[in-house]
Amino acid sequence: MFTIFIKAQRSALIADYINELYNKVATLLDNDIISIKDIPLTLCISIIEDPLINRHISKVILANEAVDSIEELVTVIKERVKNEYTRLEVVPSEAEDKLLLDMEANGIKLSPSRYDKVLYIFKGNKIYFSLLDKSYIFKKIQDRHISRAYYKMMEAVKRFKISLSKSYSVLDIGAAPGGWSEYLKDYVKEIVAVDPGDLLVNSYNIRHIKGRFEDVVDSLAEYCCFDLIVIDVNRDPIYAAELLIKASGLAKKDAKIIMTAKLFKRSKSYRDHIIERFRSVIKDRFLLLDMKRLISNSDNEITLLLSKI
Ligand SMILES: C[S@@+](CC[C@H](N)C(=O)[O-])C[C@H]1O[C@@H](n2cnc3c(N)ncnc32)[C@H](O)[C@@H]1O
């Protein structure tokens, strides 16, 4: 079993996500490091290859052994690597220079580019490490999507446990440049994407209605009724609530609504106040079911889940 140490931006949100989605206790250490104890290597790999986590990671350490000192570590490693080249991955990075010098002084062959083994080291109250085949080197996944909004929708669907269906019609309000539609298009029948801006995603099942939602809403009756409405307008939540009221006649009963709420101040009292005002505007048509800070939300956003009454 392994302990994994992940250094990442947005570490507190990632720890919440791991606790919730992987049902594992992710502990937040200093310097944006998350640690998860006693997990199989396959689960370590699933976590670090999870696209919602991977894109925020700067360093990963996998460890299945521990020693008390660098001297002890050098002795163990020297015995195991023999003549092979090894790549060091160290957290915290301040510990790296001394480790490099001590290893090389003891004849351990190190190379960051041509190596057979990877030696992961986390220096805490003990020295946690693993010596693995080179295939276990941590890699960043290439990002091929239109915008980071793609991940926001991927995460909202996961976190709110939305079951998408190939029979679904979706209304995407504030759709440009198209990250949300890009994600949803593979899981639903059709998407009506409304935005005055240009869509950068093209698909047989996405219809772009160019204009502000309030100006084009009457022309949308022909697509009625939607199973899911997603709304991400860069306006305050009360404005978005008014758009939702206009959209309510287009939603099926019990349809789910996913919405980003942009909060222009960070304090909890401001957030509570805005959410209460939002709730009072939508209360006759929609139920506010849940709200979460997603890893993929920016600092001034939260994501809401509603359902049509
Ligand atoms: C943050 S972006 C949306 C990003 C989008 N969800 C994505 O996945 O790419 C906000 C968008 O809301 C649009 N918007 C603002 N007010 C709107 C309105 N009244 N009706 C429709 N779109 C609006 C803007 O044109 C802008 O493209």
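**Exercise 1. In which strand is Asp 38 found, and what is its phi?**

Step 1. Asp 38 sits in strand β3, residues 33–39. Helices (H or I, at least four residues) and strands (E, at least two) are DSSP runs, numbered from the N terminus.

Step 2. Check the backbone. Phi of Asp 38 is near 55°. That is a positive value in a residue other than glycine.

Ground rules for the exercises: residues are numbered from 1 along each chain as its sequence is written. The model is predicted, so local features need pLDDT of at least 70 and side-chain atom pairs count only at pLDDT 80 or more, while totals for chains, interfaces and linings use all residues.

**Exercise 2. Locate the cis peptide bonds at Pro 92 and Pro 177.**

Step 1. The bond from Val 91 to Pro 92 is cis, with omega near 0°. Pro 92 lies in the loop between β6 (86–91) and α5 (96–105).

Step 2. Ala 176 and Pro 177 are also joined by a cis peptide bond, with omega about 5°. Pro 177 belongs to the loop between β9 (169–173) and α7.

**Exercise 3. Describe the shell around the ligand.**

Step 1. Count. The ligand is surrounded by 21 residues. A residue is near a molecule or strand if its C-beta atom, placed from the backbone, lies within 6 Å of it. The closest are Ala 149, Gly 174, Gly 179, Phe 213 and Asp 232.

Step 2. Assign elements. α7 (179–184), β10 (190–195) and α8 (213–216) each give two or more residues to this shell.

Step 3. Sort by class. The shell has 10 nonpolar, six polar and five charged residues. Here Ala, Val, Leu, Ile, Met, Phe, Trp, Tyr, Cys and Pro count as nonpolar, Asp, Glu, Lys and Arg as charged, and the others, Gly among them, as polar.

**Exercise 4. How do α9 and α10 pack?**

Step 1. Take the axes. Helix α9 (residues 237–247) and helix α10 (residues 268–282) have axes that come within 9 Å and cross at roughly 15°. Axes are lines fitted to C-alpha atoms, for helices over the stretch in contact, and angles run from 0 to 180 degrees between N-to-C directions.

Step 2. Name the arrangement. The angle therefore makes α9 roughly parallel to α10. Angles under 35 degrees count as roughly parallel, over 145 as roughly antiparallel, 65 to 115 as roughly perpendicular and the rest as oblique.

Step 3. List contacts (C-beta atoms, placed from the backbone, within 7 Å). From α9 come Pro 237, Ile 238, Ala 241, Glu 242, Leu 244 and Ile 245. They meet Ile 274, Arg 277, Phe 278, Val 281 and Ile 282 in α10.

Step 4. Sort the contact. It has nine nonpolar, no polar and two charged residues.

How values were computed
Two residues are in contact if their C-beta atoms, placed from the backbone, lie within 7 Å.
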